[in-house]
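Open the model in your viewer and keep the selection tool at hand.

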Amino acid sequence: MAADSDPESEVFEITDFTTASEWERFVSRVEEVLNDWKLIGSRAGSLTPEKGEFTSGSWGEKSQDIQFADFKFHISHYFLKQECEQDDGKDQPEEDAFPVAMQDLLCMNNDFPPRAHCLVRWYGIREFVVISPGTNCEAITSESKCNLLLSSISISLANSGSQVPMFVQIQQKWRRVYAGECQGPGVRTDYEMVHLRKVPSQYNHLSGLLDIFKSKIGCSLSPLPPINISIRFTYILQDWQQYSWPQQPPDFDTLLGGEVGGVEFGKLPFGACEEPISELHLATTWPHLTEGIVVDNDVYSDLDPLQAPHWSVRVRSAENPQCLLGDLLTEFFKLCCRKESTEEVLGRGMVEEEGKENSDISCALSKLTEPTATVPISKLSVSNMVHSARKHIRRHRRIDESPLNTDVLNSILLYLFPDAAVEKSSENSKNRTNPSNCCGKDEQNKNSDYNLFLQLKSAPSNSLTYRLALCACLVNYNHGGLRAVAHLWQEFVLELRYRWENNYFIYGLPAGPPDLRCCLLHQKLQMLNCCIERKRARDETRKVLEGSRERERRVPPPESTTAAPGSAREMSPGKSWDSWSDSEEEFFECLSDQGDMEAEKDGSKSRAEGRLHPFNNTTLLKCTEPLYVPVTQEPAPMTEDLLEEQSEVLAKLGTSAEGSHLRARMQSACLLSDMESFKAANPGCVLEDFVRWYSPRDYVEEELVNETGNKEVKGELSARMKIPGNMWVEAWDTARVTPARRQRRLFDDTKEAEKVLHYLAVQKPADLTRHLLPCILHATILKLKEEESIEDIPSVKKTIQQATGQASKLLHPLNHDYKKLEDFINQLMLMETAITRARSLKAKFASCEDGKEEHTEELEKFVSSLLEEPEVVVIGAGQGPAGSIIHRLFVNAQRAALLAPLDDDLCRDKKPTGGSNKVPDFPSPAGREILLRTCVPRPAPYSKALPQRLFCVLMKEEFRLAGAFSLDTSFF
């Protein structure tokens, strides 16, 4: 037992020092990544990048995560995609050629690229690898950790033979401080950086920076090889003087007075309410200078921006400038999230009645069916109920409660229903056709964007629905928001009911059944118009019949008067002959079985009714009477929500035999009506006669040779018509001899109209907004196209085309994705901003002093380039037409900043550098960039001459030196 507790008897642990450490694993992992990305070996042989290729070319990027113990790093590979490469068998690079990154240090084709990675700008390299701390990892600030990482990448580059420069990001990320290395055969380049918050006074000019560069390269040769110098000064213009306000001042005398950018109803506002260009950056560059050509020290400087040989300009846009169209869309879209009903928004005092008659228009049908003995039947009509509701609404609505004042409301209603401005005489008004339907065709031919509504499932741009959307949007933005929209909608529904009751067509809707390609609200309005059309046709037919009966009473009838109803019926072929004796409030259906049975028994020719015209000189099969096309009922028009409901009902019947039979009967209502009309028009007919007219393909005819040798044509029903239990045969057997005018109506216009009006009345403002959103987006795209065509911006034009396709996918489903719609609206707002930015630039660069045509074209091209490119070269620098305007803008801003009197004429007549003008033309440069390059032997005078580079950045609160210093490592 004692032996077991002896310490010497414990297991002895052996530390294996051959196991890889965390640092070695990190180095190995970096080498693996370089191998995976094929960055090993020589990278020489690529073509020298062309001028401006760093900006115009395409850059690639690869990334991976690697670990150093428990510390996460992010390693990224950036490279310029170059299409042209040298042939493998030709101009093969030498084994001891300099790495590509070292050759790029001396390349002058891409100095100061306007859009590139910061390392590309500072070192002029086209391919590099960066190792940076991972997300949520602390910065590498200690010197020991920095040296450890630099040692790691140095070993990785040496082991892999990679010639791609590799950097490590150190210090805080916002400082953008990097250290790195690039290795080649016998050479190495060290990338070093200095970053300070303030510029040291001794290095605030070119001469001090040259001293730093010379001391760093430490070249003892005499004379020193020439140093190539490139200088860029950047001036910022923020104060736009003598530039008109982006929007016209409001006109307080108009109806929409007081609103910035106020327009008449039917036109969307457009443009920025503030300057969309926040800054103009002028970069003056002196390329390819050598020491001694220019003087720049703490006492004197030759670097006058007006004398710079190279000018370039870039503009910076204001962040989210307030734009009218964007605000209009945003405010309207917010209504989609509101949940209040119209009654809650307007208050119950706006929509309720006194006593027992408290009912709005949507309850009119309910009032009709209430049992009562004290009210006469004549008082229970729909029109009386609605007129009573309207009277009480008007009485309770006080002027101060109305969200929309009377003038604005009347002007909106007059815009929506321009036919109301014409005096509604009984004949002139009721018989008037819809004028917009006629002019719509002309617009369709003239306007290439007319059919855009089909893509967006909106409504035609000349339709009532489209105009209502514009008015609702403008009312929401300028005249009271949600309450004003609810008020407008209530008045709109009242106007629709008035037109239904008084048989006035709804202005601005195309004739015919609902167009399922349009939005649901447009379909509902079309359905109401169809109901009005059917109702008017029925009333007109009743008048014709009453007139003919009156004449019959006055004139003794001849013997053949039994055909009078049929002749009267033929006067208006193609009409909907539903319930001739229906009044507006009474639903009377002539369904006397006894009369029908008598008619069936008496199949005499004199009882034929509802004939339209003979059918292709065809005779009936059982007799020699001509076959007549009957007057039939028109099929019932349906909106897409009704079709969906119908399909759901039919689907719920199941697949059983009974369900299938019931489904077939429900779908054959129109077929049965047509059969009854056919029997009434063709006494003595058979099913084969009906099929010959209704479905000719189901009547098969063939030529046969009879016993006498003559050819004769015999026909019979097709195979599907002979199937036992065929629905056509069953329907034919049950069909009675009933003309269309005495049949039960397939389309009950009164019922459908009330359903539509009720549907519209119960819509909340949010529901209305969702219905009208496709029309508003349609109008917005048209407005953007109109404004873009004026400015001619190719990038915006392309974006609008892409947005149209995207909107088509978003708006076609019944249930919209409102998150995606919000993103889409933001895209439209960006297009408006781009157009206003173009307009602002054109206004600034539109005036040319000499007025020469070539200079005007040059300015237009300059403005167009500013919109498309990150930085634009000013042709002629300060002496060109664009340069003169830029100079004048700076002069005006300087004089305003120093409170000097502004005098444009003085500025134009006098030379800008006149001695009497003490105000400097340009402010102090916001940033100075100085690039120094040379090629000297390091570290010894007998070493290879290698490229050296120093990039200096001097700003108000930043001083940065980014140096790339190469040395010969063959014997060192």
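**Stop 1**

Select Glu-871 and Arg-232: their side chains meet in a salt bridge, 3.2 Å from N to O. A salt bridge here is a side-chain nitrogen of Lys or Arg within 4 Å of a carboxyl oxygen of Asp or Glu. Glu-871 sits in the loop between α30 (853-868) and β14 (872-874), and Arg-232 in strand β7 (residues 228-237), so the pair ties together parts that are 639 residues apart in sequence. Helices (H or I, at least four residues) and strands (E, at least two) are DSSP runs, numbered from the N terminus. Both Glu-871 and Arg-232 are buried; buried means under 20% relative accessible area, exposed over 50%, and partly exposed in between (1.4 Å probe, protein chains only).

This is a predicted model, in which local features need pLDDT of at least 70 and side-chain atom pairs count only at pLDDT 80 or more, while totals for chains, interfaces and linings use all residues. Residues are numbered from 1 along each chain as its sequence is written, and side-chain values use heavy atoms, with hydrogens and water left out.

**Stop 2**

Next, select Arg-126 and Asp-104, a salt bridge whose closest N and O atoms are 2.7 Å apart. Arg-126 belongs to the loop between α4 (118-123) and β3 (127-133), and Asp-104 to helix α3 (residues 100-104), so this pair links parts that are 22 residues apart in sequence. Arg-126 is buried at 6% relative accessible area, and Asp-104 is buried at 3%.

**Stop 3: two strands**

Move to Glu-279 and Arg-316, where the closest N and O atoms of the salt bridge are 3.7 Å apart. Strand β8 (residues 277-290) holds Glu-279 and strand β9 (residues 310-317) holds Arg-316, so the pair ties together parts that are 37 residues apart in sequence.

**Stop 4: a network**

Select Lys-783, Glu-787, Glu-791, Arg-839 and Lys-842 together: salt bridges that share partners join them into one network. The structure holds 35 salt bridges.

**Stop 5: a nonpolar patch**

Finish with Val-295, Val-299 and Tyr-300, which make a nonpolar surface patch of about 320 Å². Patch residues have over 30% relative accessible area and no salt bridge; like charges are joined within 9 Å, and nonpolar side chains (Val, Leu, Ile, Met, Phe, Trp, Tyr) within 5 Å. Accessible areas come from the Shrake-Rupley method with a 1.4 Å probe; for residues, only the protein chains shown count as cover. Val-295 lies in the loop between β8 and β9 and is partly exposed, at 34% relative accessible area.
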